[in-house]
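The sequence and the model are shown first, and a description follows.

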Amino acid sequence: MPQMAPISWITLYVFFNLLFILSCIINFYNFEYTAKTPLINKKSISMNWKW
């Protein structure tokens, strides 16, 4: 669409950039981190040396 005015291209550029930044911020704060339990339990490892 080359007949569009340049100010229209600038507003579209700003609009889509703001939309992209807003979606990145929403995804950043919407992410829920669930910590996995460790595979090796520290209590099961015996540190008693048999000399």
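How many aromatic pairs does the chain contain? In this predicted model, the count comes to 2 aromatic pairs. A pair of aromatic rings is described by the distance of the centres and the angle of the planes. The table gives these values.

| Aromatic pair | Centre to centre | Angle between the planes | Arrangement |
|---|---|---|---|
| Phe 15 and Phe 16 | 5.3 Å | 70 degrees | edge-to-face |
| Phe 28 and Tyr 29 | 5.0 Å | 85 degrees | edge-to-face |

The pair of Phe 15 and Phe 16 is classed as edge-to-face because its planes stand 70 degrees apart, and an angle over 60 degrees counts as edge-to-face. Phe 15 has a relative accessible area of 48% and is therefore partly exposed, since exposed residues have over 50% and buried ones under 20%. In the other pair, both Phe 28 and Tyr 29 are exposed.

The overall fold may be described next. The secondary structure of the chain consists of 1 helix and 0 strands. This helix, α1, covers residues 6-30, and Ile 7 lies in it. An unreviewed UniProt entry lists residues 6-29 as a "transmembrane region".

The surface of the chain remains to be considered. Of its 51 residues, 0% count as buried. The accessible surface of the chain amounts to about 5900 Å², and 70% of that area belongs to carbon and sulfur atoms.

Which residues form a nonpolar patch on the surface? The patch is made of Ile 7, Ile 10, Tyr 13, Val 14 and Leu 18, which together have about 550 Å² of accessible area. One of these residues, Ile 7, has a relative accessible area of 59% and so counts as exposed, the cut-off being over 50%.

Terms used: Residues numbered from 1 in each chain as written. Predicted model: local features only at pLDDT ≥ 70, side-chain atom pairs only at ≥ 80, totals over all residues. Heavy atoms only, no water. UniProt positions renumbered as here; feature names shortened; annotations may be inferred. Helix = DSSP H or I, 4+ residues; strand = E, 2+ residues; numbered from the N terminus. Buried < 20%, exposed > 50% of the residue type's maximum accessible area, 1.4 Å probe, protein only. Areas by Shrake-Rupley, 256 points an atom, 1.4 Å probe, with all protein chains shown as cover. Phe/Tyr/Trp six-rings, centres within 6.5 Å; stacked < 30°, edge-to-face > 60°. Patch = residues over 30% accessible without salt bridge, like charges linked within 9 Å, V, L, I, M, F, W, Y side chains within 5 Å. Salt bridge = Lys/Arg side-chain N within 4 Å of Asp/Glu carboxyl O.
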